[in-house]
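Keep the structure open beside you as you read.

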Amino acid sequence: MELKITCIPGDGIGPEIVAEAKKVLDAVARKYGHTMNYTDILMGGASIDVHGVPLTEEAIETARNADAVLMGSIGGDTSTSPWYQLPPNLRPEAGLLAIRKALNLFANLRPAVLYEELADACPLRKEISEAGFDILIMRELTGGLYFGERKTIEENGVVKAIDTLTYDENEIRRIAVKGFEIAKKRKRKVTSVDKANVLDSSRLWRRVVEEVAKDYPEVTLEHMLVDNCAMQLVKDPAQFDVILTENMFGDILSDEASMVTGSIGMLASASLNDTRFGLYEPSHGSAPDIAGKDIANPIATILSAAMMLRYSFDLDQEADAVETAVKRVLQEGYRTGDIMSQGCVQTGCREMGDLVAQRI
């Protein structure tokens with residue numbers, strides 16, 4: 001199979017971690033008989049330095065013509081970088097918003113996995129962490145409160161700010177379908193999170209999700225209010241498989257879930273449109289303070305590449321091979337500095353990529 005991938009190395013540690021993910025993908029290609037065709041584009045600060053803007057139309061077109069996009073990290077030090085002296089629409093992160101909009105990336109997937117080998121990093125009680133968990137948060141990414149009409153006015157001498165939360169049934173249905181389709185590849189359970197006891201938008205959300213669920217009788221559906229979900233994530237995270245929710249709730253819950261694992265350097269993510277196309281990136285930032293020092297953890301980017309194999313190319317066996325290789329490396333005691341613990345062997349970014357690739 002020929003895989004046409006646009007790569008966005010980005011800023012900070014981005015080029016280093018993308019290089020290691022490509023190394024692992026090349027190992028997959030050799031073992032399973034695929035061809036990897038990579039095309040690099042600039043985005044973020046790297047694009048500002050060359051083109052004066054965080055993302056060009058040419059770069060968008062290159063990404064659009066690929067089968068998937070693999071991204072490193074975007075941005076720099078907000079206190080010292082000249083990029084952050086620019087207007088907001090010209091700063092590095094504006095490129096990320098622009099590519100999401102241009103490619104219609106409405107579904108955000110954020111796994112939160114607690115590896116047995118890293119259980120000591122989990123901030124929860126031992127009896128909870130010992131159970132382990134493997135959660136996927138499916139967040140609607142282009143609607144809701146963040147994209148609704150907003151304004152600030154003065155009314156009777158008092159300043160008032162107004163933000164509008166709007167969803168239509170089509171926006172809800174397409175993210176729900178994604179959630180149920182992905183649940184079929186996992187443990188076949190969807191927890192739909194809303195605030196239906198208060199919000200009209202949540203009541204519509206619940207109704208449409210229930211309609212979609214009828215097409216997936218093999219998947220169990222449960223509803224949970226968002227405040228209860230926030231509590232359950234720290235009380236019993238093992239109960240969850242796919243958490244399906246709207247934009248703002250997903251923003252908050254995915255960050256909570258990531259910190260429950262105790263190691264953001266291990267967490268992948270994906271943003272999908274209504275085809276198999278997706279943009280895959282680690283959940284962590286650009287870490288400019290350690291860029292170029294060969295100490296970054298590339299595992300989140302490597303696991304993002306595994307998600308790409310699974311969701312954009314339907315190559316489950318190959319994705320399993322990457323995830324298994326990561327687990328083997330951890331079981332053998334290899335660690336980058338951010339996840340280092342007593343008795344383990346510390347490695348650099350390049351060596352960690354080598355170790356994973358060798359175990360494909």
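In helix α4, which spans residues 92-102, the residues P92, A94, G95, L96 and I99 are buried, where buried means under 20% relative accessible area, exposed means over 50% and partly exposed lies in between, with a 1.4 Å probe and protein chains only. Helices here are DSSP runs of H or I with at least four residues, strands are runs of E with at least two, and both are numbered from the N terminus. The buried residues of α4 pack against β1 (2-10), α2 (45-51), α3 (57-64), β3 (68-73) and β12 (278-282), with contact meaning heavy atoms within 4.5 Å.

A word on the background: this is a predicted model, in which local features need pLDDT of at least 70, side-chain atom pairs count only at pLDDT 80 or more, and totals for chains, interfaces and linings use all residues. Residues are numbered from 1 along each chain as its sequence is written, and side-chain values use heavy atoms, leaving out hydrogens and water.

Now step just past α4, where N104 takes a positive phi of about 55°. Most residues other than glycine have a negative phi. N104 is not a glycine, and it lies in the loop between α4 and β4 (107-114). Its relative accessibility is 30%, so N104 counts as partly exposed. R188 also has a positive phi, of about 65°, without being a glycine. You will find R188 in the loop between α6 and β8 (189-194), partly exposed with a relative accessible area of 41%.

Next, look at how helices pack. Helix α6 (residues 169-184) meets helix α7 (residues 200-213) at an angle of about 45°, and their axes are 9 Å apart. That makes α6 oblique to α7; angles under 35 degrees count as roughly parallel, over 145 as roughly antiparallel, 65 to 115 as roughly perpendicular and the rest as oblique. The axes are lines fitted to C-alpha atoms, for helices over the stretch in contact, and angles run from 0 to 180 degrees between N-to-C directions. From α6, the contact is made by E169, I172, R173, I175, A176, V177 and F180, and from α7 by L204, W205, V208, V209, E211, V212 and A213. By class, this contact of α6 with α7 has 11 nonpolar, no polar and three charged residues.

Helix α8 (residues 226-235) and helix α9 (residues 247-260) pack at about 10°, with axes 10 Å apart. That makes α8 roughly parallel to α9. Here V226, C229, A230, L233 and V234 of α8 touch F249, L253, E256, A257 and V260 of α9.

Which aromatic pairs does a search of the whole structure find? There are two aromatic pairs, a pair being rings of Phe, Tyr and Trp (its six-membered ring) with centres within 6.5 Å; planes under 30 degrees apart count as stacked, over 60 as edge-to-face and the rest as tilted. Y167 and W205 form an edge-to-face pair, 5.7 Å centre to centre with 70° between the planes. Y167 lies in the loop between β7 (158-163) and α6, and W205 in helix α7, so the pair ties together parts that are 38 residues apart in sequence. Both Y167 and W205 are buried. The rings of F180 and Y216 have centres 5.3 Å apart and planes at 20°, so this pair is stacked. F180 is in helix α6 and Y216 in the loop between α7 and β9 (220-225), so parts 36 residues apart in sequence are tied together.

Note on methods
Ala, Val, Leu, Ile, Met, Phe, Trp, Tyr, Cys and Pro count as nonpolar, Asp, Glu, Lys and Arg as charged, and the others, Gly among them, as polar.
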